[in-house]
Structures are given as C-alpha cells and as structure tokens.
Amino acid sequence: MQALFKKYTESSLILRITIALLLGVGVGLFASQSVVDLLAPLGELLLRLLKFLIAPIVLFTLIMGVNQGDIGGVGRLGKKTIAWYLLSTAIAMIVGIAVATILAPGTGMQLDSEAVVEVKNQASIVQVLLSIVPDNLFAAFAQLNMLGIIFTALTFGVALLKLRESPAYGTAAKQVLTVVEGLNAATMMIMRGVLHYLPIGIFAIVAGTVAEQGTETIKSLAGMVLVLYIALIVHAGLYVLAMLVSGVRLGKFIRHARTPVITAFATQSSSGTLPITMNAASSMGLSHRVSSFMLPLGATINMDGAAIRIAISAVFAANVIGVPLDLMQMVQIVIVGTLATIGTAGVPGAGLVMIATVFAQVGLPIETVALLAAIDALVGMGATALNVTGDLVGSAIIDRSEKDDGVEVE
C-alpha cells in the first residue's frame, strides 16, 4: 500500500488530473445517481481544503510581496497591475461582443415568459468600493471577503515596510516579517499536501457536474456554449500573442499553467484555485514579489472569462427577444461589465449575478438569465479557466517587464 501511494505521489500531477477528468466524465454520463451522490463528499472536501488556504495565502503572500521592495517599487507594480487587469478585461468584453455578434447565438429561440431564476442583488459600485475596507477584521476573514483581506494585507504590509526604516521599531518589524515568512512557508507546505488530493477531488466534482447537467440541457443550448468557448479560445490566442511580444517563454508557461487552469475548469472557482495558481507561478520561475502581489488581486478583480461570458450572454439575450444591440448598448456593456467583474466573488454561481446586473443596466430581459442558468456550470467552467489563465499571463508579462526595467525580482 505504501509503495502504491509513493508511486501515485511521484507520478505526473497533470497526468493524474487528466485521468481524473476523463474518469469523472465517464462516471457522470454512465453511473447511477447513487454512485454520483456517494462521490460528492470527495469533491466537497477538495473545495473546503482550497477555501481553507485562501485567507492565509492572500494575507501572508501579499505582506511578503510588498516587503520585497521599496514604496516606489510597490507603487510602480501596482500601476502596472491595475492597468493590465482593466485593459485585459475591457478587451475580453470586446472579444465577447464581436464573436457573439458574428455567430449570433440565441437567434430563433423563444423566451419562456414563465421562466424564473433567483439571483441575489448585486452590490452597487459604491458598495463594492466601501467593502474594500472591512468594518470587522475577523468577519472579513470568516466571510472570505477577498477585497477586505487584500486591503488588510496591503495595509499591514506597507506599514511594516515603513517601520523597517524606523530606528525605534525596525528590529520588531523585521521580526514580524520573519514570523510571516515562516507562516507563509508553512502554508505552502500544506498546499503541497493538498495537491496530492487534487485529482481525487476533481474526479468527484466533474462526475457530479456532468451528471447534473445531462445531455439534453447541453444539446438545447449547445450554440450558446459553443460560441462562448470560441470566444475564450480567441482571447487565449491574444494571451499567447501578448506573451510572445513580451518575451515570455511560452513552452515553460504552458507546462506549469496547465494544473491551475484544469483545476479552475473543474472547480469553477478563481479564488479556490489561488493556492494552485501560486504554486504554478513559483514553478515557472516568476518572482515572488510580482506573483504574490498580482495573483491574489487577480483572483478578485481580474475576470476576463467572466467578462466574455457577460458580453456573449447579452448578445444572446438580445437575439432571443429579436432586438439586436445597438452601438451605445455595446459600449455600455463593455463599461458596466468591466466594472461589474471587480469585486464579484470568484466562486461558482457568481456569474449569474454579474449577468443580471448588466442586463438591468442595458434594458435586457432578466428572464433570459433563467435560460442561461441551465448551462451555468458548463460556461462557468470555461470562463473560470480563462480567469486563472489571465492572472498567470499578467503575472508573467509584468514579471518580464520588471526584469526589462532592471528591477530586482527575486
């Protein structure tokens, strides 16, 4: 038994995950519901393990990332990060609208006036901005308020960075950083253990997703799903182009990015995949200063896949009711959709909230969200995979940029 476990742990992780995906699809399609229900706790355990690691990873890595440079360097890195995330999200919206306008998903479909779907109210932009500052530090961690956790990490990180220069508190600040560094190392050690369980959890999650969706649902809205995945591929092509222009080693990037992308695809959670994404960034040689700053932010505010999903869903809804979008509505979708993705939880189901928000802004019928809810998991899987890909691509490009600028990126 010990020899078998050793062989399992020493085999290629991507091979184990690929086998888990294929087995999950097979079980979901052909096994009985009782078997799928029996496997469900295994998938739930993986999601719990990943969520368990989110808060410590964001807190410790961001504090360490801020303190691996000076104030000027943090400001420069912050500007590059925000610029990349806003630009890539806006481009994703444009790609989604363009592909959907050409391929016209939803044309000829009829809207069921009795179809309803429960969608939680999306917070206003002002509320999102206010939520960045948590009114209760412990509640922010308990509720996994990512914006609140990021604010806490950045605030304490910058404070420690300043205190290190203080004659009175410099020694104490360095001691605190040493403790944080040790806690960060312990978190990464735990994460390596979770990686061994990853294929088992993915197998159970995929089996449950495939069994729940069923072939009839997939067939009825196959056009919408196909258009979305075409747009995702187009945007991924733009990532490749951006990396080639920036001098990023594409082969090395793909080799290490596969695991977090597949994990995101299976779990539909950008935030939940963050531990795996951080590990991949380290494996591909990205500087800890850049990846520890960009990836926790990206898991919260960089949602390229979600942006494409919003854009295509809007065109789909317009085609269903037979009223094509005009130019002004398209511009509104790009602006509102870009803002709506910021601060929206990177967890399964959050996409419907963003879609409903944009629909309300541009006057599209909320009832069409009920149609889209039927394929929520299928489109969410692809969108989340692109979200995580975009986080890693941005980190790789900014890392390359920092090196080109002659900045130390240890």
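Predicted model: local features only at pLDDT ≥ 70, side-chain atom pairs only at ≥ 80, totals over all residues.
Residues are numbered from 1 along each chain as its sequence is written, and side-chain values use heavy atoms, with hydrogens and water left out.

The protein chain contains 17 helices and zero strands, these being DSSP runs numbered from the N terminus (helices H or I, at least four residues; strands E, at least two). Of its 410 residues, 51% count as buried; buried means under 20% relative accessible area, exposed over 50% and partly exposed in between, with a 1.4 Å probe and protein chains only. Contact means heavy atoms within 4.5 Å. Among contacts between residues at least 6 apart in sequence, 85% join residues at least 24 apart.

The largest nonpolar core has 105 residues. Such a core is a set of buried Ala, Val, Leu, Ile, Met, Phe, Trp, Tyr and Cys residues joined through side-chain atoms within 4.5 Å. Helix α8 (residues 170-220) gives the most to this core, with 15 residues. I202 and F253 have the most contacts inside the core. Leaving aside residues up to four places away in sequence, I202 touches I17, A20, L21, L46, T263 and A266.

Helix α3 (residues 33-66) packs with helix α7 (residues 146-163) at an angle of about 30°, and their axes are 8 Å apart. The axes are lines fitted to C-alpha atoms, for helices over the stretch in contact, and angles run from 0 to 180 degrees between N-to-C directions. The two helices, α3 and α7, are therefore roughly parallel to each other (angles under 35 degrees). In this contact, residues of α3 including I54, A55 and V66 meet residues of α7, among them M146, F156 and L161. The contact residues divide into 16 nonpolar, two polar and no charged. Within α7, A153 has 0% relative accessibility and so counts as buried. A153 touches V58, L59, L62 and I63, not counting residues up to four places away in sequence. A153 and V58 are 95 residues apart in sequence, but 7.4 Å apart in space, C-alpha to C-alpha.

A104 is found between α4 (71-103) and α5 (125-131), and at 30% relative accessibility A104 counts as partly exposed. Q268 lies between α10 (250-267) and α11 (274-283), and at 12% relative accessibility Q268 counts as buried.

Conventions:
Parallel < 35°, antiparallel > 145°, perpendicular 65-115°, else oblique. Nonpolar A, V, L, I, M, F, W, Y, C, P; charged D, E, K, R; others polar.
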